[in-house]
Amino acid sequence: MIPQERTTAVTRGLREAFGVTEFEDISTITKGQTNSLVFRIVVLGTPYLLKIITRAEDPTRHYTCMRAAADAGLAPSVRYTNTEDHVSITDFAGTSPFSVSEARARLPLVLRTLHALPPFARAPFNTTSTFLLTKGPASDGFLQKFQAGNILPKNVQEELFARYAEVAAVYPYGDTEMVSSHNDLYKPDNILFDGQQVWLVDWEAAFLNDRYADLAVVANQIVTNAVEEGAYLAAYFGAPPEPYQAARFFLMQQLAHIFYTMAFLFLSGAPVDWNEAVPTFRDFQQGVWAGEIDLADPLVKLVHGRVHCEQLLQNVNQPRYREALKLVGARRAVA
């Protein structure tokens, strides 16, 4: 089950972490979207998570962020890491049903604790919506490829890029709101609940990012109306949100819709039938949260991109959108 070329590294980890050279049981974990090899192992009667990163990049930032989160009680305890072998062993977090209402109450506090950690290192890549705010060859190249692909109908693509330009023109990325962030919470596979505690897992994308990036992608899954949004933000900030905070949060939500529209439609690689009906954004997210929808499926990626696009087009026609652009833009102008 473990590739032959990785057995020496795994044996080294078992020896250093537990003083043994073998595990008693092993099973592959297939849930979640990762290129890494992930296993549930049993050592000395206790289950642990063994993860072998198969990509070539240095995992130092990943392991450092994971340890900081574990020390803060946000992630399972780390038993072993080896940056040369790309191997880590952590406690295994069991899972229990996690209702949306309970998630709305707990996750703002989890994010507040995470964002208060000492600053994480910056990363050489960005797989979050703030990627669209980082001007340079990478973002320019992605936008050019997306436009050239003619994935969206012409009028929808023009609308999408016009709204992107408006948000990017006023949003102050890189200011004092940069905090230690998880950056991969758009899928609930990385948010585990064991019946008592919430655990955030899979820290490969963790780096210093705008606080509203994590806040927005989590809210897009579990917040469904203005009352819930107010309670969610009040729990995070420790007080009812100021108008500027609410406006900035709303704009980040729209940036997330833009980013995931592009990313999922582009990554799907499947032709889009624009006459085919798709679920509402809320119904789709409810299915994802319940584990009924597999985001790794290419056809699901296509639907995911479309529901983000349709939600964006609804949101930008609300008066709140223009008000948020004005408020955030005015603050940036005097900064």
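Analyst: Starting with helix H6, its buried residues pack against H3, strand E6 (178–181), E9, helix H7 (226–237), H8 and helix H9 (281–289). Bear in mind that this is a predicted model.

User: How many of the residues of H6 are buried?

Analyst: H6 is mostly covered, with 12 of its 12 residues buried. Among them are Arg211, Asp214, Asn220 and Gln221, along with Leu215, Val217, Val218 and Ile222.

User: And what is the reach of H6 from its first C-alpha to its last?

Analyst: Helix H6 runs over residues 211–222 and reaches 17 Å, close to the 16 Å expected for 12 residues at 1.5 Å a residue.

User: What does Asp210 do at the start of H6?

Analyst: A side-chain oxygen of Asp210 comes to within 2.8 Å of the backbone nitrogen of Tyr212.

User: Switching to H11. Which residues are buried there?

Analyst: In H11 the buried residues are Tyr321, Ala324, Leu325, Val328 and Gly329. They are on the same side of H11, because they cover an arc of only 120 degrees around the axis.

User: Why would that spacing put residues on one side?

Analyst: An α-helix has 3.6 residues a turn, so residues three or four places apart point the same way.

User: Which residues are exposed on the other side of H11?

Analyst: Pro319, Glu323, Lys326, Ala333 and Val334 are exposed there. The buried residues of H11 are covered by elements including helix H5 (154–170), helix H8 (243–268) and helix H10 (298–315).

User: What about the span of H11?

Analyst: The 16 residues of helix H11, residues 319–334, should span 22 Å at 1.5 Å a residue, and the end C-alpha atoms are 23 Å apart, which agrees.

User: Which residues does Pro172 contact?

Analyst: Leaving aside neighbours within four places in sequence, Pro172 is in contact with Tyr244, Arg248, Val328 and Arg332. Val328 is also one of the buried residues of H11. Pro172 itself lies in the loop between H5 and E6.

User: Buried or exposed, Pro172?

Analyst: Pro172 has a relative accessible area of 12%, which means that Pro172 is buried, since the cut-off is under 20%.

User: Tyr244 came up. What sits over its ring?

Analyst: The charged end of Arg331 sits over the ring of Tyr244, 3.9 Å from the ring centre. Elsewhere, Arg40 lies over the face of Phe92, at 5.3 Å from the ring centre.

User: How many aromatic pairs does the structure hold?

Analyst: The structure holds 16 aromatic pairs. One of them is Phe120 with Trp203, which is edge-to-face, at 6.5 Å centre to centre and 80 degrees between the planes.

User: Where do Phe120 and Trp203 lie?

Analyst: Phe120 is in the loop between helix H3 (100–115) and helix H4 (137–148), and Trp203 is in the loop between strand E8 (198–200) and strand E9 (207–210), so the pair ties together parts that are 83 residues apart in sequence. Both Phe120 and Trp203 are buried.

User: Which residues form the aromatic cluster?

Analyst: Phe131, Phe142, Tyr186, Phe259, Tyr260, Phe264 and Phe266 form one cluster.

User: New topic, His86. Where is the place of His86?

Analyst: His86 is in the loop between strand E4 (78–82) and strand E5 (87–91). The relative accessible area of His86 is 10%, and His86 is buried.

User: Which residues does His86 touch?

Analyst: Not counting residues up to four places away in sequence, His86 touches Arg6, Lys51, Ile52, Ile53, Arg55, Ala56, Glu57, Pro59 and Tyr63. With Arg55, the backbone oxygen lies 3.1 Å from a polar atom of the His86 side chain. Lys51 is 35 residues from His86 along the chain, and their C-alpha atoms are separated by 8.2 Å.

User: Tyr63 is in H2, then. Which residues of H2 are buried?

Analyst: Tyr63 is one of the buried residues of H2, with Arg61, His62, Cys65, Met66, Ala69 and Ala70. What covers them includes strand E3 (46–52), E4, E5 and E9.

User: What follows H2?

Analyst: H2 is followed by Gly73, whose phi is positive, near 80 degrees.

User: Last one, Gln157. Buried or exposed?

Analyst: Gln157 is buried, with a relative accessible area of 12%. Gln157 is in helix H5 and touches Phe146, Gln147 and Leu152, not counting residues up to four places away in sequence.

Terms used. Residues numbered from 1 in each chain as written. Predicted model: local features only at pLDDT ≥ 70, side-chain atom pairs only at ≥ 80, totals over all residues. Heavy atoms only, no water. Helix = DSSP H or I, 4+ residues; strand = E, 2+ residues; numbered from the N terminus. Buried < 20%, exposed > 50% of the residue type's maximum accessible area, 1.4 Å probe, protein only. Contact = heavy atoms within 4.5 Å. Polar contact = N/O pair within 3.5 Å; in protein donor to acceptor, adjacent residues only side chain to side chain. Expected span 1.5 Å × (residues − 1). Arc of directions from axis to C-beta. Phe/Tyr/Trp six-rings, centres within 6.5 Å; stacked < 30°, edge-to-face > 60°. Lys NZ or Arg CZ within 6 Å of the ring centre and 35° of its normal.
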